Amino acid sequence: MNKNKYIVLCLFFLFNCDSKSQVELFPAYEFRYVENLVSEEITFPPFSIKIPNGFNKFSEQNLDILKNQIEKDPGAYFSKELIHGFSDSLNTAFIISVIKEENLLDRLNNGYSNYLDENNEEVVKNQYSINNIKAVQYQTKNNLNNIGFTNLKIFLTNRDSVNYLLDFIILDRNFNSKLYSIESSLSTLKRRK
């Protein structure tokens, strides 16, 4: 092979194999915002978000029980630390956890979808940026005791090794009525200075 063909092939692979820019991989997405559907702002440095209206903090006892289950789950794909938990009267939960992974995007791309496929009936992946914050979202559907629910798992990637997971767990029968408040909440996500 002559030298020019070799250079052309190298350039082709260089620009086509991994040629998508960060903008293409994480296109900007603007969620619908309705002001009266969100309430108090909570922080989890370096981020903040307004929680959906009608959500209340878990009691200390319930938070401790859930923390223990999440943090000591031997089958968990990621090591997590629960930091905030909220629920509403329709049994919708909103949980914020720290993900203790240095290469989160690599771990999400290598096997996480397979892990979710093994444990859920349906899995859909999407990625986007919210207010310049890179997010990878998995929407899973499952049943527990014949009750269908959807889990929105939104991984927020941070520049350093501290990443976060926003979990919205919604009963399927309430999903459509909760969607606007969840979108309104996500639209308030921002990086604090």
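## A charge over a ring

In this predicted model, the charged end of Arg-107 lies over the ring of Tyr-77, at 4.6 Å from the ring's centre. Tyr-77 also belongs to an aromatic cluster, together with Phe-78, Tyr-112, Tyr-115, Tyr-138 and Phe-155.

## Aromatic pairs

Searching the whole structure turns up 17 aromatic pairs. One of them joins Phe-31 and Tyr-128: the ring centres are 5.7 Å apart and the planes meet at 75°, which is over the 60 degrees needed, so the pair counts as edge-to-face.

Where do these two partners sit in the chain? Phe-31 is in the loop between α2 (22-25) and β1 (38-44), while Tyr-128 is in strand β6 (residues 122-130), so that the pair links distant parts of the chain, 97 residues apart. Phe-31 and Tyr-128 are both buried.

## A three-stranded sheet

Next, have a look at the open sheet, where three strands follow the order β1-β2-β10 with antiparallel pairing. Because β1 and β10 (190-191) are at the edges with a single partner strand each, one side of each has no neighbour in the sheet.

Strands β1 and β2 are joined by five bridges, and Val-38 has Pro-52 in β2 as its bridge partner. Helix α5 (residues 175-187) packs on this sheet and touches β1 and β2, with its direction at about 160° to that of β2.

The chain has a mean pLDDT of 85, with 86% of its residues at 70 or more. Confidence is highest in strand β2 (residues 47-52), at 96, and lowest in helix α1 (residues 3-17), at a mean of 40. Across residues 1-19 pLDDT stays under 50, and the model has five contacts beyond four places in sequence for this stretch.

Notes:
Residues numbered from 1 in each chain as written. Predicted model: local features only at pLDDT ≥ 70, side-chain atom pairs only at ≥ 80, totals over all residues. Heavy atoms only, no water. Phe/Tyr/Trp six-rings, centres within 6.5 Å; stacked < 30°, edge-to-face > 60°. Helix = DSSP H or I, 4+ residues; strand = E, 2+ residues; numbered from the N terminus. Buried < 20%, exposed > 50% of the residue type's maximum accessible area, 1.4 Å probe, protein only. Lys NZ or Arg CZ within 6 Å of the ring centre and 35° of its normal. pLDDT = per-residue confidence, 0-100. Contact = heavy atoms within 4.5 Å. Pairing = 2+ DSSP bridges. Axes fitted to C-alpha atoms, helices over the stretch in contact; angles between N-to-C directions.
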